[in-house]
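Here is a short briefing for a first look. Keep the structure open while you read.

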Amino acid sequence: MTELNVFGGGWVRGGPQPEPHGALPPSARKALETAENEMDEVVAEAVRPLRPFLPNDTDYTRISQTEQTIAKLVARQPVLLDAVLRRLVFDDVAARVLISEAAVPQANKHFGLLKPRIEAAQQYASDVREALAVLVSREVLAARGAVTVAEGVGMVRDERVVVVSPLLGQEELLDEVAPGLRERAQRDGIPIEYWQLLIGADGRLTVEQVSGTATEFESAIRYYNTDEDINWMNSLIDERPFAEKVAEAVISGERSREVLKGDLADATMSAAVVLVTYNNHYQVVEKTVRTTDHADAEELGSRTLRDVGARAPEVLRMSDLVDVGARTPEVVGQSELVLLIEYVPGVDSNTITKWSDHPYDLFFHTPDAWRLGLGDTLIRPWDRGEGANWRLEHNVHIVPIDNSNAFGDYPPPIGFTDHFLDQSGDQPRWVAHRIPRTELEAIRGRITASESEYSRLGRLDWYHDVLEIFVKIAAYGVEDTASSSTDPEAALRVLIGLRDDWAFAFSIDGAVDTRTPQEWRQVIKDLRTTSGVDQTWLENLDQLDKLNKMLLHAQLKEVSAEELDDDVWPGLTDVYLEGIAQRLADLEEGARYPDPYDESDEEWQTRFDREIQAATNESEPDNGPPTDIA
């Protein structure tokens, strides 16, 4: 393997090892870091509910290891619950176990829902590395003094042909991008060098001379012969304004036009949508709308969606191209109802699955989903969930398209907006969310900065609506902290829920929450005399008994000294004393009552330690290298 020194004049055998990302040009390094940060963001959301229960040094990017860690938590949970119920003490230890009893299964489900999204994000990062290798090959050829003949192919002083690519099958690549060159070189005795350039998972750039042949199909050939993929690849490092890219493309000339949607004579739809491909491989969507309202909604809707972090394509009026120098005959005099929109490769939302035109549930918990949900709550495009009004790019990015019907007097579309607005009842209800306050302030700043664009188009009323809705959403932000893992109120709710679930399982009649502790003890006593029950039935009944006894302790702890004043709470003192008496009786009975496991405390402790160790061993990750890292 040969280390690559792009900026040092060529390839250096035996040279110093570059630092991770050190050999990448800044633009490529930034693109790779962006893809990796997006992957980390999805992983962080997937494990967010688990963080209070996992070690801080857990490497969550290793999917199989994280699954094993979760399995360990799930396996330990019954043993831990048994331990705290045996103590009959409601304290921080019990609170943590009770909260995890409810949280761990939910967190496990949450991780399962996002696992495909993590895998997709990892694959996307791999695709980015592969595409960047194609782009960096251009600079490598230049560093070798080669004159570019075609993508990845150069000629050095007519002395040799050099091919640099992430592909192994470079003979086929050479024939694809420079037909006839290989045959001419062989005929004229000009040597051909084939070099495979790779960007590793650590960002290290390496190059190795290869034979030029491959034994199987390589999908990266698409970065050389498919306009859609070439356009996406170039966009990774091209940070120029959209208008500048379009102007350059228009000047290069059109290669083809493909009608995506014709005129369906629907006043809420566009008159025409056409995919335009230019000679420089650039692609845009040319959309003709019916009204100025639609045109303004497209432009301002896209702007506000990007303000909140959603991946909305940029929009440019055809008439504005005159201002950036693209004064071709077909541009001058075009109507302001003709829009040029960034083309987004991918699949339409209504084709992602066979069972839904709007499969938002598959992506609902991703960062992209809540950002689009926030944006759509602000601009309110009522038809987002209809047909193909958002796309999935590279199986990762949720991209909203078609904002013509935004800013109307309609509620937000149901779907991703559920993160912020619950419309399931008779009246819509704002929902608490976890967007950090610092991020909300940054979003507010970008929205405020866009006021001038609304003003330019005479749409300040739209702007005021957006800002008013945003203020309401911001008011429902809550901090997401790990301290809630021992919150006594949350633990008490779980304790009551577990008690009620067992009461239902045992078909206990009546309102379970109105029974006194003494009445509960009698119910348990009566059930113990039921004939024809097995050991499991008795063990479950014992758990219900212990839940009630711990619940009594929790309720007693809630009573303050001030509340025991009859002037403050008449009758509470008598109830409290009765509870104390029952609590003492519970503790005495617990010390002598036969455990359903028929074991002493020492025997139970031995079994507890053994089960915890078994649960740990079963879920312990191996020490081998990870196999699921992109």
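Start with a charge over a ring: the charged end of arginine 459 sits over the ring of tryptophan 462, 4.3 Å from the ring's centre. The model is predicted. The points below cover charges and rings, aromatic pairs, cavities and a hairpin.

**Charges over rings**
- Arginine 515 also places its charged end over a ring, that of tryptophan 520.
- Here the distance to the ring centre is 5.5 Å.

**Aromatic pairs**
- The structure has twelve aromatic pairs.
- One of them joins tyrosine 360 and phenylalanine 416: the ring centres are 6.1 Å apart and the planes stand at 80 degrees, so the pair is edge-to-face.
- Tyrosine 360 lies in the loop between strand S13 (347–348) and helix H10 (367–379), and phenylalanine 416 in the loop between strand S15 (397–400) and strand S16 (421–422), so this pair ties together parts that are 56 residues apart in sequence.
- Tyrosine 360 has 25% relative accessibility and counts as partly exposed.
- Phenylalanine 416, at 4% relative accessibility, counts as buried.
- Both belong to one aromatic cluster, formed by Tyr360, Phe363, Phe364, Trp390 and Phe416.

**Largest cavity**
- Two cavities of 30 Å³ or more are found in the structure.
- The largest cavity holds about 130 Å³ of space.
- It is lined by 15 residues, and the closest to its centre are Val42, Thr366, Pro367, Asp368 and Val396.
- Helix H1 (26–47), helix H3 (92–143), H10 and S15 each give at least two residues to this lining.
- By type, the lining of the largest cavity has six nonpolar, three polar and six charged residues.

**Second largest cavity**
- About 30 Å³ of space lies in the second largest cavity.
- Its lining consists of His358, Asp376, Arg384, Pro413, Ile414, Gly415, Phe416 and Thr417.
- Three of these residues are nonpolar, three are polar and two are charged.

**A hairpin**
- Strand S6 (residues 192–199) and strand S7 (residues 205–209) run antiparallel, joined by five bridges.
- Tryptophan 195 has glutamine 209, in S7, as its bridge partner.
- Five residues lie between the strands of this hairpin.
- Glycine 203 in the hairpin takes a positive phi near 85 degrees.

Terms used: Residues numbered from 1 in each chain as written. Predicted model: local features only at pLDDT ≥ 70, side-chain atom pairs only at ≥ 80, totals over all residues. Heavy atoms only, no water. Pairing = 2+ DSSP bridges. Helix = DSSP H or I, 4+ residues; strand = E, 2+ residues; numbered from the N terminus. Phe/Tyr/Trp six-rings, centres within 6.5 Å; stacked < 30°, edge-to-face > 60°. Buried < 20%, exposed > 50% of the residue type's maximum accessible area, 1.4 Å probe, protein only. Lys NZ or Arg CZ within 6 Å of the ring centre and 35° of its normal. 1 Å grid on protein atoms, 1.4 Å probe; cavity = no way out; pocket = protein on both sides within 12 Å on 5 of 7 lines; lining within 4 Å. Points joined across faces, edges and corners; volume = space filled by probe spheres on them. Nonpolar A, V, L, I, M, F, W, Y, C, P; charged D, E, K, R; others polar.
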